[in-house]
Amino acid sequence: MDFLQYFIDGLYIGAIYAIIALGYTMVYGIAKMLNFAHGDVIMVGAYMSYTFVSASGMPVYLSIPIAMVICTVLGIVIEGLAYKPLRGTSSLAVLITAIGVSYFLQNAAQLIWGPAEIGFNRLVNAKPFLLFDGKLRVSPEAMVTLAIAVVIMVALTTFVNRTQTGKAMRAVAEDRDAAQLMGINVNRTISITFAIGSALAAVAGVLLCSKVQSVSPTVGSMPGIRAFTAAVFGGIGSIPGAMLGGMLLGLIETLTGAFISTQFSDAIVFLILIIVLLVKPAGLLGKQVQEKV
Amino acid sequence: MLKVEDMHVFYGAIHAIKGVSFHVDEGEIVALIGANGAGKSTILKTVSGLMHPRSGSISFMGQSIAHTDAYKLVRHGLAHVPEGRRIFLQMTVQDNLAMGAFTQKTVSKADLDMVFDLFPRLKERRTQIAGTLSGGEQQMLAMSRALMSHPKLMMLDEPSMGLAPILVDQIFSIIKDLHKAGTTILLVEQNASKALQVADRAYVLETGKITLEGTGDELAHSDAVRKAYLGG
């Protein structure tokens with residue numbers, strides 16, 4: 001029964017990782033850059049939700065669309081100001097800029113909301129379902145989180161495969177020059193990608209802070225790095241891969257923490273990542289890119 | 001229709017195109033021939049807006065386009081089938097065609113029928129992933145994809161590269177068909193004999209400069225061209 005309990009807990013945190021990983025993977029797949037500031041957009045989303053909830057007393061779920069809109073704008077602005085001018089330069093320059101943006105957002109948050117943790121309201125305020133005479137507790141919030149993750153993945157997959165804009169994103173991901181020759185505005189497509197990734201980050205931010213019931217300027221850093229790991233694990237650039245990677249990472253982390261050692265859970269997570277990458281360098285669901293000459 | 005004057009293009013410090021001037025009139029097939037590295041592909045990339053010239057002018061349908069981005073030129077009726085085809089290998093044949101029609105409001109049935117008429121093989125393979133097509137089929141897809149944008153001028157970069165002789169003949173006969181149907185064509189080729197057979201006029205390019213020009217016939221019979229490009 002313990003195992004089942006931890007399994008459910010693992011899926012809960014895994015679903016949050018998955019939503020963050022979806023943002024990482026979309027931006028990487030299309031803009032070919034690692035947006036290390038992604039975790040901090042999560043944090044901004046959470047603070048936005050907190051600010052509106054505490055100012056107006058609205059329920060947390062109503063603050064999600066507001067946080068999404070603000071983070072979408074933030075994502076487009078970050079991309080336009082910080083990353084777009086570096087398009088075509090070395091990827092190292094972009095990476096360092098992303099780290100800079102990350103620190104900028106964290107410090108701005110400290111300035112506005114202070115460095116201390118602030119209490120965060122729960123998204124779903126309901127008693128957990130007790131199963132098997134109370135031995136198994138399933139919180140409604142965990143179920144909502146899982147459902148949101150699944151809906152987001154299905155919606156993204158449909159968008160990318162069925163719509164003209166989604167197909168244009170895949171075209172840009174595969175061959176930027178050829179995409180331009182089709183009449184696709186590459187800069188605009190990349191902006192849209194950042195907009196979507198940042199909106200997802202806002203959702204993840206609210207879900208994450210609702211789970212830990214607090215928000216702080218660095219709340220997004222570690223989950224951001226873990227979700228990045230999850231995206232690589234599942235195959236970076238792949239939408240189902242990010243989902244699978246996030247879920248697996250949540251499970252591995254929770255189960256090793258419960259049954260092996262809490263202190264070693266990160267080490268074990270990364271050990272498994274290394275083994276997966278040795279066997280499948282492109283990740284679990286990643287495409288092995290073959291250059292056809 | 002297309003007029004390029006004294007165009008200079010650089011890759012960083014390398015002076016790749018050194019003052020090239022040429023023109024393509026409406027209804028013509030014009031060929032650019034020359035050896036590997038002469039700058040043929042660079043010229044096409046600069047005309048289509050993937051690169052920009054450091055100096056000189058390019059005008060298309062009376063508009064100056066030297067510094068216009070590639071994606072905008074597609075709407076003006078300029079299509080570029082790049083070297084190496086550059087189809088979207090991970091997408092299906094249909095999705096590749098849909099990308100070709102990106103500037104159109106919808107993927108029209110009439111356009112699909114038109115390209116499937118030209119290339120019946122693609123119709124059989126419409127749901128297949130493009131990366132699984134043969135080289136010849138990929139070339140057909142690259143040309144079809146460009147046709148979906150209703151080009152007035154179609155620029156083809158090495159359409160015969162890496163294809164079996166029978167496919168080369170087929171591709172060139174389709175180029176002639178497209179031309180008859182009203183598309184103006186700028187053709188870049190290493191296969192000079194084939195290119196000169198179909199071209200109304202041609203230019204010979206050597207290390208970034210045009211060294212000869214004339215009608216397809218004239219060049220095919222010129223001693224210099226025969227020695228250098230037609231094997232005596």
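Trainee: In this predicted model, which residue with positive phi follows α1(A)?

Mentor: Helix α1 of chain A covers residues 2-31. The residue that follows α1(A) has a phi near 55 degrees, and that residue is K32(A).

Trainee: How far apart are the end C-alpha atoms of helix α1 of chain A, and what span should its 30 residues give?

Mentor: At 1.5 Å a residue, the 30 residues of this helix should span 44 Å.

Trainee: Which element gives the most to the largest nonpolar core?

Mentor: This core has 165 residues, and those with the most contacts inside it are A18(A), I19(A), L22(A), A46(A) and L187(B). The element that gives the most supplies 17 residues, and it is α1(A). The core also takes at least three residues from each of two domains of chain B, domain 1 and domain 2.

Trainee: Which residues does I19(A) touch, not counting those up to four places away in sequence?

Mentor: I19(A) is among the residues with the most contacts inside the largest core. Leaving out residues up to four places away in sequence, its partners are A149(A), I152(A), L200(A), V203(A), A204(A) and L207(A).

Trainee: What is the radius of gyration of chain A?

Mentor: Chain A has 11 helices and 4 strands. For its 293 residues the globule rule gives 19 Å, and the chain is close to that value, so it is as compact as a globular protein of that length; its radius of gyration is 19 Å.

Trainee: Which elements of chain B give two or more residues to the side that touches chain A?

Mentor: The contact takes 17 residues from chain A and 21 residues from chain B. On the chain B side, 11 are nonpolar, 7 polar and 3 charged. The elements asked for are α2 (70-75) and α3 (93-100) of chain B.

Trainee: How many residues of domain 1 of chain B are in contact with domain 2 of chain B?

Mentor: Domain 1 is made of 1-77 + 152-161 + 183-232, and domain 2 is 84-150. Their centres are 25 Å apart. On the domain 1 side the touching residues are 3 nonpolar, 1 polar and 1 charged. Domain 2 contributes 5 residues to the contact, and the number from domain 1 is 5.

Notes: Residues are numbered from 1 along each chain as its sequence is written. Chains are lettered from A and ligands numbered from 1 in the order in which they are written. This is a predicted model: local features need pLDDT of at least 70, side-chain atom pairs count only at pLDDT 80 or more; totals for chains, interfaces and linings use all residues. Domain bounds come from an automatic or database domain assignment. Two residues are in contact if their C-beta atoms, placed from the backbone, lie within 7 Å. Ala, Val, Leu, Ile, Met, Phe, Trp, Tyr, Cys and Pro count as nonpolar, Asp, Glu, Lys and Arg as charged, and the others, Gly among them, as polar. The expected span of a helix is 1.5 Å times one less than its number of residues. A nonpolar core is a set of buried Ala, Val, Leu, Ile, Met, Phe, Trp, Tyr and Cys residues joined through C-beta atoms within 7 Å. A residue is buried if 20 or more other C-beta atoms lie within 10 Å of its own, exposed if 12 or fewer, and partly exposed in between; C-beta atoms are placed from the backbone. The radius of gyration is taken over C-alpha atoms; the globule rule is 2.2 Å times the number of residues to the power 0.38.
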